[in-house]
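Here is a short report on one protein chain.

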Amino acid sequence: MNAQEIFVGGRDWDQVVGGSRQDTIVVNMGPQHPSTHGVLRLVLELDGETVLSCRPVIGYLHTGIEKNIEVRNWTQGVTFVTRMDYLSPFFNELGYCLAVEKLLGIEAPPRAQTVRVLLCELNRISSHLVWLATGGMELGALSMMLYGFRERESILDLFELITGQRMNHAYIRPGGLIQDLPAEAPERIKAFLDDFGGKLDEYEALLSENPIWLQRNKGIGVLRARDAVALGVTGPLLRAAGIAHDLRKRQPYCGYEAYDFEVPTMTTGDSFGRYVVRLREMRESAKIVRQALDRLSPGPVMIDDPKIAWPAQLKLGPDGMGNAPEYVRKIMGESMEALIHHFKLVTDGFKVPAGEVYVPVESPRGELGYHVVSAGHTKPWRVHVRDPSFVNLQALPHMVEGGLVADVISALASLDPVLGGVDR
Amino acid sequence: MNDVLANICAAARERFHDVSEPVELFGEVSIDVPRRVLPLVAKFLRDEAPFELLADLSCVDGLGDPAVRDRFLVALHLYSFTHNLRLRLRVAVPEGDETCPSVTSVWPTANWHEREIFDFFGIVFEGHPDLRRILMPDEWVGHPQRKDYPLGGTNVEYKGAHIPPPDIRRQPTTTTGYPGRIS
């Protein structure tokens with residue numbers, strides 16, 4: 001790329017290009033462009049409307065989470081990882097906790113596993129809804145933005161009811177969950193699901209046969225199975241290219257093998273294929289949530305090991321979530337041992353046996369892997385996250401080079417990257 | 001250990017004598033691969049096993065561990081669609097000669113992973129087509145994920161009380177035997 005800087009400076013475009021001897025121009029798309037899903041910068045070399053080369057520039061949202069985790073205890077790690085891919089916080093927490101549990105050699109109780117599945121699938125729906133809303137808006141289907149965010153809002157309300165927060169929950173903890181579902185949660189989730197199926201039908205009616213939507217998506221951003229595998233692409237992109245690879249089926253965790261669901265695939269490998277796959281995945285997720293609700297049986301949600309289980313009992317008070325008054329009374333007024341135990345576990349944390357594990361989970365964007373190394377201390381030695389957005393984004397130049405600049409928007413939207421996860 | 005995986009590891013060992021015996025820990029199988037044969041072993045595993053997907057490429061800094069001979073350990077996590085199996089390759093990289101052959105020609109997805117490891121650990125992947133920093137700014141000095149990289153921060157004073165900066169407050173724990181080593 002032999003670029004020459006041009007300052008437009010209020011002149012007419014004819015004058016600008018007339019004064020330039022080169023045939024191609026380099027355009028920075030982002031990092032403030034509204035359709036780059038955050039702070040992604042794409043350096044595009046254009047020949048007229050055709051994209052000659054596309055170079056993604058990332059790192060604008062880098063927050064040093066992997067480094068930060070190394071100087072905090074194992075439990076605090078959950079509050080960091082949940083902030084990475086901010087559209088799928090439960091998957092971040094789940095992958096991390098499964099890795100820590102694998103090192104500890106423990107397994108969360110059945111009720112906790114079921115609640116994890118339930119929340120993850122609700123989260124998959126809410127994450128796909130953001131993709132549908134923003135992706136729709138970027139291609140001119142403005143009403144999708146309102147509808148998608150409206151439904152997502154009801155899911156976030158459920159999350160708020162259950163965890164106390166709309167995102168960044170830190171609800172899944174090593175050994176189980178921080179607290180049980182509130183009594184009214186199953187009913188509220190059921191009510192949402194009853195409503196949601198019809199809503200999905202509406203979206204399909206709105207988009208699936210819309211000529212503009214088809215034109216902007218069919219045959220755009222094609223990624224074939226062979227290229228997808230070579231580029232490490234996983235998740236809906238790989239399934240839209242014809243490979244029915246889903247870790248929930250192939251390497252099940254949290255008891256996914258007991259649930260009845262399909263892995264939707266398409267063979268077109270284009271933006272439209274990914275749209276179909278994601279829509280059908282939302283239906284499958286709703287199916288799994290219903291099954292999880294049926295499987296919910298009473299029981300503990302945290303392992304019965306006082307050396308690991310978080311000592312506090314949380315309760316929602318008038319001023320938000322906090323330690324239950326009965327628990328505070330016990331540790332402050334009745335049992336000094338309980339106070340010492342609480343203090344030790346909260347400030348120092350538990351030790352995790354030395355070793356290294358790699359634990360992947362199927363996030364809405366693909367394989368979310370945690371390479372966790374422990375040196376036997378109360379803090380992790382190293383936590384590396386294989387974020388699917390990071391890897392999938394690498395395939396973007398392959399998908400858009402040679403196409404039109406307008407198709408970059410469609411391809412990027414169907415790739416559904418979350419920059420919080422890309423940059424970590 | 002899974003029979004298929006055991007056979008693959010044995011075949012790799014027969015072909016490349018420097019590859020270690022497979023070790024199974026926490027239900028995950030790892031083999032140690034010397035740096036110089038890494039691209040050949042990678043290509044062999046991709047084509048013959050076959051491990052089609054390089055799921056992840058990570059690195060661990062074993063600074064301060066007397067049991068560790070080579071400071072850095074590059075870990076490649078492979079996945080086979082054919083056999084539904086995972087395998088970890090571990091490549092030791094000594095301090096003072098922080099280089100490792102690139103596997104971008106075997107798995108193109110390694111491109112950004114290797115840039116990330118270069119950015120954070122300063123390991124130079126030889127043969128990489130475009131080895132630049134990826135997450136930190138281009139002009140950044142140092143490699144932040146190294147254990148001897150200072151955490152930084154400033155001393156905070158409030159009404160006469162002092163809170164020391166994070167690199168004093170939050171010393172990383174010193175390890176007493178990082179268990180990654182096989183040799």
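## Terms and model

A residue is called buried when its relative accessible area is under 20%. The model is predicted.

## Overall form

Chain A holds 18 helices and 10 strands. Its radius of gyration is 23 Å. The globule rule gives 22 Å for 424 residues, so chain A is as compact as a globular protein of that length. Along the principal axes, the C-alpha trace of chain A spans about 85 × 45 × 40 Å.

Contacts can be sorted by separation in sequence. Of those in chain A between residues at least 6 apart, 69% join residues at least 24 apart.

## Burial, surface and charge

How much of chain A is buried? Buried residues account for 59% of its 424 residues. The accessible surface of chain A is about 16500 Å². Carbon and sulfur atoms contribute 53% of that surface.

Chain A carries 44 positive and 52 negative charges.

## Helix 4

Helix 4 of chain A covers residues 89-104. At 1.5 Å a residue, its 16 residues should span 22 Å. The end C-alpha atoms of helix 4 are 23 Å apart, which agrees with that expectation.

Is helix 4 of chain A mostly covered or mostly uncovered? Helix 4 is mostly covered, with 15 of its 16 residues buried. Just after helix 4 comes A:Gly105, which takes a positive phi of about 70°.

Note on methods. Residues numbered from 1 in each chain as written. Chains lettered and ligands numbered in written order. Predicted model: local features only at pLDDT ≥ 70, side-chain atom pairs only at ≥ 80, totals over all residues. Heavy atoms only, no water. Helix = DSSP H or I, 4+ residues; strand = E, 2+ residues; numbered from the N terminus. Rg over C-alpha atoms; globule rule 2.2 N^0.38 Å. Buried < 20%, exposed > 50% of the residue type's maximum accessible area, 1.4 Å probe, protein only. Contact = heavy atoms within 4.5 Å. Areas by Shrake-Rupley, 256 points an atom, 1.4 Å probe, with all protein chains shown as cover. Lys, Arg positive; Asp, Glu negative; His and termini not counted. Charge placed at Lys NZ, Arg CZ, Asp CG, Glu CD. Expected span 1.5 Å × (residues − 1).
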